[in-house]
Amino acid sequence: MSRLRLLCLALLAGSIVLLTGSPIRAVDKDELKVGKEIVDKLLGGAEVKTVADLKKKTSVDAIMTILGSPKAGGVGYGPKADISIEKRLQDLAKKGISAADLAKESGELTKAVQFARAVTEYNELYTPEKKVAGKDPKVWTKSSEDTRKASADLLEALKGKDEKKVHAAAKSLDAACNACHTVFK
Ligand code: HEC
């Protein structure tokens, strides 16, 4: 095949990708970068107030994306980081976990919940000031508090390797994420 043909083929393939569009949501790259830096600091033990100034340089969309699909910029779950933290936590809420799997997976799960906790704690800084179009800031506050409580319970259950408590806390966490998403997402 001539070089020209090869080039044409490459261009054609490129435009197909562009035209069909990828299913990946575009999140602002700079915001995502700042969001990840913030979360790293929180995971390292920093308090939210010490990084609250960075709030303007990131966004709810960007920090939440950290928990979302790795294709969209999420950190991902597991050794291969090929699914989202959100998906793993949703499955855990739905199906629970066996004692054997918990023994294998508690380290990864703990990391995931720590990420979820850091993201949602920072997200409280974005609590809307007033009710707009029926979206009540109280829901934001309440679901944030519930998220905090449920992630603390889940971390404790993971530490104790108690699969029943892990399932119960995962359900509460999932419900808290959803309570906010139902109104604000
Ligand atoms: C207090 C409110 C609130 C809580 C609690 C909350 N979120 Fe979100 N989340 C949002 C909002 C608002 C968006 C939409 C952001 C946007 O697109 O601008 C969002 C978006 C997301 C997204 C991006 C999804 C997408 O593709 O649009 C993921 C992933 C996500 N949240 C995961 C979680 C998980 C997991 C939890 C619980 C551990 C959680 N969120 C708790 C408010 C919240």
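Which residues in α4 meet which residues in α5?

Mentor: Keep in mind that this is a predicted model. On the α4 side you have Ile85, Arg88 and Leu89, and on the α5 side they meet Ala112, Phe115 and Ala116. By class, that contact of α4 with α5 has five nonpolar residues, no polar ones and one charged. Arg88 is the charged one, since Arg counts as charged.

Now the geometry. α4 and α5 pack with their axes 10 Å apart, at an angle of about 110°. Angles of 65 to 115 degrees count as roughly perpendicular, and α4 and α5 are therefore roughly perpendicular to each other. Their crossing is left-handed.

From α2, the residues Ile38, Val39, Leu42 and Leu43 take part, and they meet Gln114, Phe115, Ala118, Val119, Glu121 and Tyr122 in α5. By class, the contact of α2 with α5 has eight nonpolar residues, one polar and one charged. Look at Phe115 while you're there: it is listed in the contact with α4 and in the contact with α2.

Next, the ligand. Both α4 (85–95) and α5 (99–123) supply at least two residues each to the shell around the ligand, and so do α3 (60–65), α6 (137–159) and α7 (163–184). The largest share, six residues, comes from α7. In total 23 residues surround the ligand, and the closest are Asp61, Met64, Gly68, Cys177 and Cys180. By class, the shell divides into eleven nonpolar, eight polar and four charged residues.

Finally, zoom out to the chain. Its secondary structure comes to seven helices and zero strands, so read along the sequence the pattern is α-α-α-α-α-α-α. Buried residues make up 28% of the 185 residues. Among contacts between residues at least 6 apart in sequence, 63% join residues at least 24 apart.

Technical notes. Residues numbered from 1 in each chain as written. Predicted model: local features only at pLDDT ≥ 70, side-chain atom pairs only at ≥ 80, totals over all residues. Near = placed C-beta within 6 Å. Helix = DSSP H or I, 4+ residues; strand = E, 2+ residues; numbered from the N terminus. Axes fitted to C-alpha atoms, helices over the stretch in contact; angles between N-to-C directions. Parallel < 35°, antiparallel > 145°, perpendicular 65-115°, else oblique. Left-handed = near helix turned anticlockwise from the far one by under 90°. Contact = placed C-beta atoms within 7 Å. Buried ≥ 20, exposed ≤ 12 C-beta atoms within 10 Å, placed from the backbone.
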